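This report describes the fold and the ligand surroundings of one protein model. The sequence and structure are shown below.

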Amino acid sequence: MAKYLVTGAAGFIGRSIAAALLERGETVRGVDNFATGKRSNLVGLEGMEFVEGDLSDAAVCERVVAGVEIIFHEAALPSVPRSVEDPISTNTACVDATVQLLWAAKKAGVRRVVYAASSSAYGDTPTLPKHEGMLPAPISPYAVAKLSGELYMQSFWRVYGLETVCLRYFNVFGPYQDPTSFYSGVLAKFCTRMMAGETPTIFGDGSQSRDFTFIENTVRGNLLAAEAPAEKVAGRVMNMATGSRITLNDVVEELRGITGYAGEVIYGPERNGDIKHSLADIGLAKELLGYEPVVEFREGLGRTVEWYRETEQQG
Ligand SMILES: NC(=O)c1ccc[n+]([C@@H]2O[C@H](COP(=O)([O-])OP(=O)(O)OC[C@H]3O[C@@H](n4cnc5c(N)ncnc54)[C@H](O)[C@@H]3O)[C@@H](O)[C@H]2O)c1
């Protein structure tokens with residue numbers, strides 16, 4: 001019987017959390033419908049019990065929560081442009097599936113759910129750094145859907161006593177992030193394009209900045225959130241990032257150094273729903289979880305490029 005359930009276990013962050021749990025010798029179940037996740041991400045996770053299924057289906061939720069104590073809820077359709085094109089499927093994957101999972105978890109007596117929330121909840125307010133006391137102002141359908149998930153988490157704590165902890169991720173990057181789709185994270189795309197000597201495209205003038213967070217920091221934050229005492233963290237929402245930011249132009253310069261890319265950069269139109277600047281205040285996660293980022297941006301970037309190189313060589 002698994003103690004932990006990781007949803008979205010074939011995705012970038014879900015598989016990374018599952019790997020860390022397995023490394024600690026924990027019993028883990030994973031669920032995914034491969035909407036954006038990949039079967040190849042399950043390689044190395046053979047110790048995990050895996051269920052293929054869609055969490056918007058109540059029967060799947062009931063099956064995967066059985067006997068579980070703690071859930072890391074990572075499953076979603078995690079893309080702003082995709083949600084702008086198709087808000088209905090984003091809502092199904094992010095809201096309907098979350099409520100189904102919470103309801104099944106409550107009925108099955110699950111103790112805690114740690115939720116992958118999103119910094120997109122802050123919208124485009126000029127105030128930096130973003131702190132949890134700010135009023136949410138989501139812009140894209142994706143941001144609204146992720147924020148709805150947070151509110152459901154808080155509701156299930158208040159109404160049913162299910163311990164929930166929301167971690168608002170900022171831009172996470174690292175090994176296993178998919179660079180191939182139109183909707184993929186910007187860093188994954190830059191890394192792989194510049195490694196291949198192909199021109200990277202920046203949407204906007206490149207002065208937009210992000211609190212890019214290496215995956216190991218995010219995984220660490222999740223494990224801390226699963227262990228922290230309920231009196232401190234249940235029903236809470238906190239930022240999960242590094243507390244520093246870098247512009248896309250500077251990212252490209254860093255990557256020139258790492259990959260040797262000497263070509264040009266294409267600047268395209270700004271993308272609808274994208275925000276200009278993003279930077280987290282991580283004081284609350286420090287206080288409540290004892291969280292500190294352990295891998296800084298440049299080291300993370302180097303390790304990510306290295307991983308894409310190795311994966312490419314393997315084939
Ligand atoms: N990557 C980031 O920078 C970032 C930032 C903020 C929040 N998040 C959140 O973190 C979580 C993980 O993101 P990621 O970057 O690993 O994305 P990902 O696309 O790699 O992983 C999401 C996984 O969820 C699965 N999934 C989607 N709908 C499902 C459903 N209905 N049933 C079962 N599985 C389903 C997908 O197939 C995929 O494997 C998401 O909830 C996302 O909103 C990510």
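## Pairing of strands 6 and 11

In this predicted model, strand 6 (residues 163-169) and strand 11 run parallel and are joined by five bridges. Within this pair, Val165 is placed opposite Arg236 of strand 11.

Helix 5 (residues 141-160) packs on the sheet and touches strand 5, strand 6 and strand 11. The direction of helix 5 makes about 155° with that of strand 5.

Seven strands form an open sheet in the order 3-2-1-4-5-6-11, with parallel pairing. Strand 3 (49-52) and strand 11 (236-240) are the edge strands, each pairing on one side only. On average, neighbouring strands of this sheet are turned by 20° against each other, direction ignored.

Helix 2 (residues 58-65) lies across strand 1 (4-7), strand 2, strand 3 and strand 4 (70-73). Relative to strand 2, helix 2 runs at about 165°.

## Surroundings of the ligand

The ligand has 30 residues around it, of which Gly8, Gly11, Gly37, Ala76 and Ala116 come nearest. By class, this shell comprises 16 nonpolar, 10 polar and four charged residues.

At least two shell residues are supplied by each of helix 1 (12-23), strand 2 (28-32), helix 4 (87-108) and strand 5 (112-118). Helix 1 gives the largest share, three residues.

## The chain as a whole

The protein chain contains 11 helices and 13 strands. Its C-alpha trace spans about 55 × 45 × 40 Å along the principal axes.

Of the 315 residues, 48% count as buried. Among contacts between residues at least 6 apart in sequence, 78% join residues at least 24 apart.

Definitions and conventions
Residues numbered from 1 in each chain as written. Predicted model: local features only at pLDDT ≥ 70, side-chain atom pairs only at ≥ 80, totals over all residues. Near = placed C-beta within 6 Å. Helix = DSSP H or I, 4+ residues; strand = E, 2+ residues; numbered from the N terminus. Nonpolar A, V, L, I, M, F, W, Y, C, P; charged D, E, K, R; others polar. Buried ≥ 20, exposed ≤ 12 C-beta atoms within 10 Å, placed from the backbone. Contact = placed C-beta atoms within 7 Å. Pairing = 2+ DSSP bridges. Axes fitted to C-alpha atoms, helices over the stretch in contact; angles between N-to-C directions.
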